[in-house]
Amino acid sequence: MTTLDDQRIAALLRSAPVPAPRVDVGRAIRDGRRRRQRRRVGGIAAVTVLAGLGAVGAVQLDRPASRPAPAPPVLAASPDGTASATQGSPVTCAASWLPRPIGGPVAVANSVDPTGRYIVGDIGSGQEDGRVVLWTDGRAAVLPTGARHAAAVNAGGDVVGTDGDGTGWVYRDGRLRSLATPPGYHAVLVHAVNGRGDIAGTASGAGDSHHAVLWSADRPQEYRLIGRPGSAATGITEDGTVVGAMGQLPYRWTPQGTGTALTVPDGYPRASIDSARGEWAVGSVPGPKEGGAVRMLPVRWNLTTGAVSLLPFPGTSGIAGNGDLLVGDGAPLIVAPDGTSRRLPGRPEVRATEAGTYTANGISDDGLTVVGAVYEKQVYRPLVWRCHR
Amino acid sequence: MVDAEREFVEYVSARLPTLHRTAFLMCGDAHLADDVVQQTITALYVNWRRVSRADNVDAYVHRMLVHKLVDEKRLSWAKVRLLGSMPEPERPPVTPHDELAERDSLVAALADLPRGQRTVLVLRFLCDLSLADTAAAMGCSEGNVKSQTARALAAVRQVLDVTEMSGRNTR
């Protein structure tokens, strides 16, 4: 949701001609009551709130925004005492192609480990036939067919992901193994793995029940539930701190399992965390309404100080352990904690110039390796940017 | 009880146009969209007291909608699409005119996409769901969502660019 193209598609979808709905809320309630009565014995008092409610094709959607739009966010002016790696020395970056061991018009690098050595991505037609590719020092290997949709790779080259059926997996030392789905839940979503092989994800069950889960790459059939029911995990740092949500609140758990809520930025009803590296986490808050949708605004937390700040970008693709933010906005941008930024260069042979030609999906902990893809002539090609100071 | 029911009516009334738009753009069929939204809000009513306490009611409802669509599709997707393309006097198609040409192309492009790709486009761009929420709504992984989005965008961009070249040069 970051490029002009994306915004244009969103705007078109919001304004595309759609026939008037013929949905009857009154009928839904009548049918629903009948179903409820069938489900549990006992009558339900008749109510009259429905008076005047018929077919609801003409209901007004846009209620006036109840809260004024937030002031333009600014980057934190101080780097929060972080040892920023930027010493004023210039950083030079070069983009290079990642080899494609198999064919397919959608070949994308999705994630990189903290050291920048391992990169994972998908190659396929984009239609449920993608294979996971692991690049080690630039050399490509295709994971076994059972590995689908990689989520992350750690500094040891362990890859984790979730297949199309909601089964988690870990690929370690050439071996693919399933992660246990906790009893009472029917699916898991695996998000992250740290250098110790701790794997974080969320199990989900009937009726929107969910619970944060921790596995170990050593013993994939064992698991530990984190927090109370209703928790969710989306990231894990190298020291084992798990981040995610508890109800509407952004949350963190210590490696021992003690949970605390993280700050929700002032004036926002809730916030969610996407990922964490080092002492940083990034996520989003619901921003102003645009048309019928809500624009999500990116947010960054410092897990050490607890400070939270809104970020003045349309979105972020991730954060490095040193606090460098990856903004995948059209031409990918890296923003250091002190607010200085650098654009990543393109490839000379890529002729396409529109926003969205380059996407950046992952960044290493020193901010010097970024992975992503180039979209040109209906084909995505995987790309890595390597930088040095 | 009365309060819960009022809340339900308020919620559904406010969301109905968006839900219907979402369903229509996902399946490309007005009747199916009506059916699916009707089923979704009926199920929502049955479970309202529990759902209304959920962290993110919208995300939950999106998930219900996607599941209902998938169920319908399992029953008779091809048949429904055939029927949906028949002319219908009560519901005249929106007349395309110049400003609308691009929107119509997008709807046409959506119709040609495989279901998964259409679903990710609508959830991510119309409903503005995050990667994680889209994956949760579809019951698949984020990587899957990413690759489907990439593929769908490729197809849609192609259509939009063609429209621009043959139509206006103003953008």
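**Confidence, contacts and a helix**

Modeller: This is a predicted model. Chain B averages a pLDDT of 71, and 71% of the residues score at least 70.

Colleague: Which elements of chain B have the lowest and the highest mean pLDDT?

Modeller: Helix H4(B), residues 57-84, has the lowest, at 61. H2(B) has the highest, at 86.

Colleague: Where does pLDDT stay under 50 in chain B?

Modeller: Over residues 75-99, for which the model has 14 contacts beyond four places in sequence. Residues 163-171 of chain B also stay under 50, with five such contacts. Where pLDDT is low, the predicted coordinates should not be read in detail.

Colleague: OK, on to the complex. What ipTM and pTM does the predictor give?

Modeller: An ipTM of 0.71 and a pTM of 0.60.

Colleague: And how many residues of chain B are in contact with chain A?

Modeller: 62 residues of chain B, against 66 residues of chain A. On the chain B side, H1(B) gives the most, with 14 residues.

Colleague: How does that side of chain B divide into nonpolar, polar and charged?

Modeller: 32 nonpolar, 14 polar and 16 charged.

Colleague: Switching to H7(B). Is that helix mostly covered or mostly uncovered?

Modeller: Mostly covered. H7(B) spans residues 131-138, and seven of its eight residues are buried. Among them are B:Asp133, B:Thr134 and B:Met138.

Colleague: What comes just after H7(B)?

Modeller: B:Gly139, which takes a positive phi of about 65°.

Terms used: Residues are numbered from 1 along each chain as its sequence is written. Chains are lettered from A and ligands numbered from 1 in the order in which they are written. This is a predicted model: local features need pLDDT of at least 70, side-chain atom pairs count only at pLDDT 80 or more; totals for chains, interfaces and linings use all residues. A residue is buried if 20 or more other C-beta atoms lie within 10 Å of its own, exposed if 12 or fewer, and partly exposed in between; C-beta atoms are placed from the backbone. Helices (H or I, at least four residues) and strands (E, at least two) are DSSP runs, numbered from the N terminus. Two residues are in contact if their C-beta atoms, placed from the backbone, lie within 7 Å. Ala, Val, Leu, Ile, Met, Phe, Trp, Tyr, Cys and Pro count as nonpolar, Asp, Glu, Lys and Arg as charged, and the others, Gly among them, as polar. pLDDT is the predictor's confidence in each residue, from 0 to 100.
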